[in-house]
Amino acid sequence: MNENAVNTIVSCMPIYGGDSTIQTAQTEHRLKLAKFWGIKEGSRVLEIGCGQGDTTAVLAYLVGDTGFVHGIDIASPDYGAPITLGDSADHLRKSKLGNQLKMDFEIDILSPEVDFSEASFDYIVISHCSWYFKSFEEFTEVLRKTRKWGAQLCYAEWDPRIKSIEQYPHFLAILLQAQYECFKENSLSNVRTLFTPNDIQNIAVNTGWTIVEEESITSAKLQDAKWEIDQMLTDYDFELSEIKNLPDKLKTLIKSKVNLLEESLKEVDVKPMSTYAFIAN
């Protein structure tokens, strides 16, 4: 890992509480992804689901001042904690990377008003955001609509094909959320639809993309597993009480799985799941 690149990118990000440890781990992970994707200097990149800009900043650093990254997200600028998407974007715009990036929020990519000319971008990036989509159908339409916009699709998401028992709690927390999300009309959750690698492969092929390379990338220092587990354990009682059409038998099953999750936390040193990534053209 290029330490100078990591330090430069981290210096451009807003740091909550003054400790850059978390941001450093996030930046190192996204540099791994971008290296796998082969992002080149001078490129034009469309990033769908840019969030607070963890990947946006890495992409902007790699394309350099002769390239450009346009990040878009359907969320509002006041979404996110402890730093909102809007505050993070403002911070990035004022940084040394600001001239080579743009971040727009409340953008529904499937809206007829959102369009780009054919081959506008060298890369279209969808990184750690596919589980935010509300359905298979919605994500399918996104990949179909974006097909003509860029030469290469760069995808990354958590890989639920766990490789070790230390990843089991993260997987179980994700699976639990995905299960009760099936019964929600509206959601702000991190996991609204769980796509497996096989699901994504099929969607990509069916929307005209050809996957040319795949990889499972491990970044053990990421804190996302702990965050996901803590959030799920904090929220699930409220979630179950709010979903009126959830069968009682399924509620009981979910609570049993929560007990299994809590037991597993006593037995293992939790690690995040790996990340499934691919390149398609």
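Q: Strand β7, residues 275-280: how many of the 6 residues are buried?
A: First, the model is predicted: local features need pLDDT of at least 70, side-chain atom pairs count only at pLDDT 80 or more, and totals for chains, interfaces and linings use all residues. Numbering runs from 1 along each chain as its sequence is written, and side-chain values use heavy atoms, with hydrogens and water left out. In β7, 6 of the 6 residues are buried, so the strand is largely enclosed by the rest of the structure. Buried means under 20% relative accessible area (1.4 Å probe, protein chains only). Strands are DSSP runs of E, at least two residues, and helices are runs of H or I, at least four, numbered from the N terminus.

Q: Which residues point which way from β7?
A: Thr275, Ala277 and Ile279 point one way. Tyr276, Phe278 and Ala280 point the other way. In a regular strand the side chains alternate between the two faces of the sheet.

Q: Which way does β5 run against β7, parallel or antiparallel?
A: Antiparallel, with 6 bridges joining β5 (residues 150-158) to β7. Pairing takes at least two DSSP bridges. Strand β6 (residues 211-217) is also antiparallel to β7, with 6 bridges.

Q: What are the bridge partners of alanine 280?
A: Leucine 153 is one. Isoleucine 211 is another.

Q: New topic. How many helices and strands does the chain have?
A: 9 helices and 7 strands.

Q: And what about charges?
A: There are 27 positive side chains (Lys and Arg) and 42 negative ones (Asp and Glu), with His and the chain ends not counted.

Terms used. Buried < 20%, exposed > 50% of the residue type's maximum accessible area, 1.4 Å probe, protein only. Charge placed at Lys NZ, Arg CZ, Asp CG, Glu CD.
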